[in-house]
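Here is a short briefing on one protein model. Look at the sequence and the 3D view before reading on.

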Amino acid sequence: MSEEESPQRSARPRRRPMAVAVAVGLVVGVVGGLAAHLWWPGEDGGSEPSTAAPAGSRAEPVRSAMLGQRRVGVDVRARELGAPDFFHGQARLDLVDAGTAKAATHVAYDGGEGHPWYPPEVVLIGNRAAIMPHEAVAGPGSGPDGEFRIEPDATAAAEDDADVHAALETRWLAQPAHIEALLDGAAGVRTERDGGTRTLTGSTPLRALAADPAVGALYLPYATDRPGSAVRFTLVVTADDLPQSLKTRVPSAADTATGDESFQVKYRDWAEGEPITARPGPTPAPQWTATD
């Protein structure tokens with residue numbers, strides 16, 4: 001049954017330029033092994049999430065359901081295998097409110113068959129990034145890529161750092177604000193019901209997404225290349241309005257077979273795991289899994 005709604009640092013691959021920074025107010029975190037926590041300026045300090053939604057928001061049920069769970073794990077896949085900017089991996093988000101999420105990411109650009117899987121854990125707090133290298137590339141003599149480091153301006157660092165760039169895109173793709181921008185910006189949303197799940201499909205103008213304060217940095221380069229185009233999305237939610245998966249196809253000037261680029265987020269492990277924080281310590285304990 002369907003319904004139609006009325007409008008409401010080593011060598012890295014070449015990447016799409018980052019858009020000018022927008023006020024996203026999101027966090028991606030790295031863990032250390034000590035109990036003491038290091039709080040960076042701008043961190044939420046453990047406040048309860050706000051579930052207030054704009055009046056008339058089509059996304060309100062989904063957004064409220066996500067915030068009510070507070071934490072979620074995701075699997076992410078960006079673009080097609082073999083594309084210069086292709087990456088995949090896992091992450092976990094700690095949802096503070098609709099526009100603020102902490103996320104611990106474990107994603108990397110993939111060089112193809114046989115490429116070693118050594119992504120670092122990247123933590124963004126506000127616009128700061130903390131990068132904890134994989135143990136396989138850490139230690140004496142490993143060079144700059146094997147050392148823990150903090151980037152005070154993640155957006156600027158992402159211009160030359162593929163790890164931070166992938167972490168930022170993961171955060172933008174998986175957060176509630178992205179779903180809100182897609183649903184509320186669409187001219188119409190079609191709903192297919194199948195047992196306890198609903199599949200919502202629609203298209204949202206790139207121009208609107210590029211102007212959105214939460215996800216504009218992700219979409220502005222595409223809007224510049226393909227003005228007047230729209231992003232097609234498919235969102236599957238449970239009977240409790242929790243997302244199971246989100247797929248988007250973004251018009252692109254890149255040389256692809258379809259003329260667009262695909263992104264996919266799969267949601268899992270709702271309400272599991274501890275809050276994501278930035279903790280000091282010589283032995284990291286990964287936060288991108290729910291079992292930290």
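Asp-269 counts as partly exposed because its relative accessibility is 28%. Buried means under 20% relative accessible area, exposed means over 50%, and partly exposed lies in between (1.4 Å probe, protein chains only). This is a predicted model: local features need pLDDT of at least 70, side-chain atom pairs count only at pLDDT 80 or more, and totals for chains, interfaces and linings use all residues. Residues are numbered from 1 along each chain as its sequence is written, and side-chain values use heavy atoms, with hydrogens and water left out.

**Overall picture**

- The protein has 6 helices and 12 strands. Helices (H or I, at least four residues) and strands (E, at least two) are DSSP runs, numbered from the N terminus.
- The protein has 292 residues, and 49% of them count as buried.
- Its accessible surface is about 12,700 Å², and carbon and sulfur atoms account for 53% of that. Such areas come from the Shrake-Rupley method with a 1.4 Å probe; for residues, only the protein chains shown count as cover.

**Two residues with positive phi**

- Asp-269 sits in the segment after S12. Its phi is near 55°, a positive value in a residue other than glycine.
- Arg-70 is in the loop between H1 and strand S2 (71–78). Its phi is near 70°, again positive in a residue other than glycine.
- Is Arg-70 buried or exposed? Arg-70 is buried, because its relative accessible area is 13%.

- Helix H4 covers residues 176–185 and is mostly covered, with 8 of its 10 residues buried. Among the buried ones are Pro-176, Ile-179 and Leu-183.
- Two packed helices are described by the angle between their axes and the distance between the axes.
- Helix H1 (residues 60–69) packs with H4 at an angle of about 175°, and their axes are 9 Å apart. H1 is therefore roughly antiparallel to H4.
- Axes are lines fitted to C-alpha atoms, for helices over the stretch in contact, and angles run from 0 to 180 degrees between N-to-C directions. Angles under 35 degrees count as roughly parallel, over 145 as roughly antiparallel, 65 to 115 as roughly perpendicular, and the rest as oblique.
- On the H1 side, Val-62, Arg-63, Met-66 and Leu-67 make the contact. Contact means heavy atoms within 4.5 Å.

**Tyr-267**

- Tyr-267 lies in strand S12 (residues 260–268). Tyr-267 counts as buried because its relative accessibility is 8%.
- Leaving aside neighbours within four places in sequence, its contacts include Met-66, Ile-179 and Ser-245.
- Ser-245 is 22 residues away from Tyr-267 in sequence, yet the two are 5.8 Å apart in space, C-alpha to C-alpha.
- The Tyr-267 side chain reaches the backbone oxygen of Ala-174 at 3.0 Å.

- Strands S8 (residues 189–194) and S9 (residues 197–205) pair in the antiparallel sense over 6 bridges. Two strands pair if DSSP finds at least two bridges between them.
- Which residue in S9 is the bridge partner of Arg-190? The partner is Thr-201.
- The hairpin has 2 residues between the strands, and Gly-195 takes a positive phi near 65° there.

**Ser-229**

- Ser-229 lies in the loop between helix H6 (216–225) and strand S10 (230–237).
- Ser-229 counts as buried because its relative accessibility is 17%.
- Not counting residues up to four places away in sequence, Ser-229 touches Pro-205, Leu-206 and Pro-251.

Note on methods. Polar contact = N/O pair within 3.5 Å; in protein donor to acceptor, adjacent residues only side chain to side chain.
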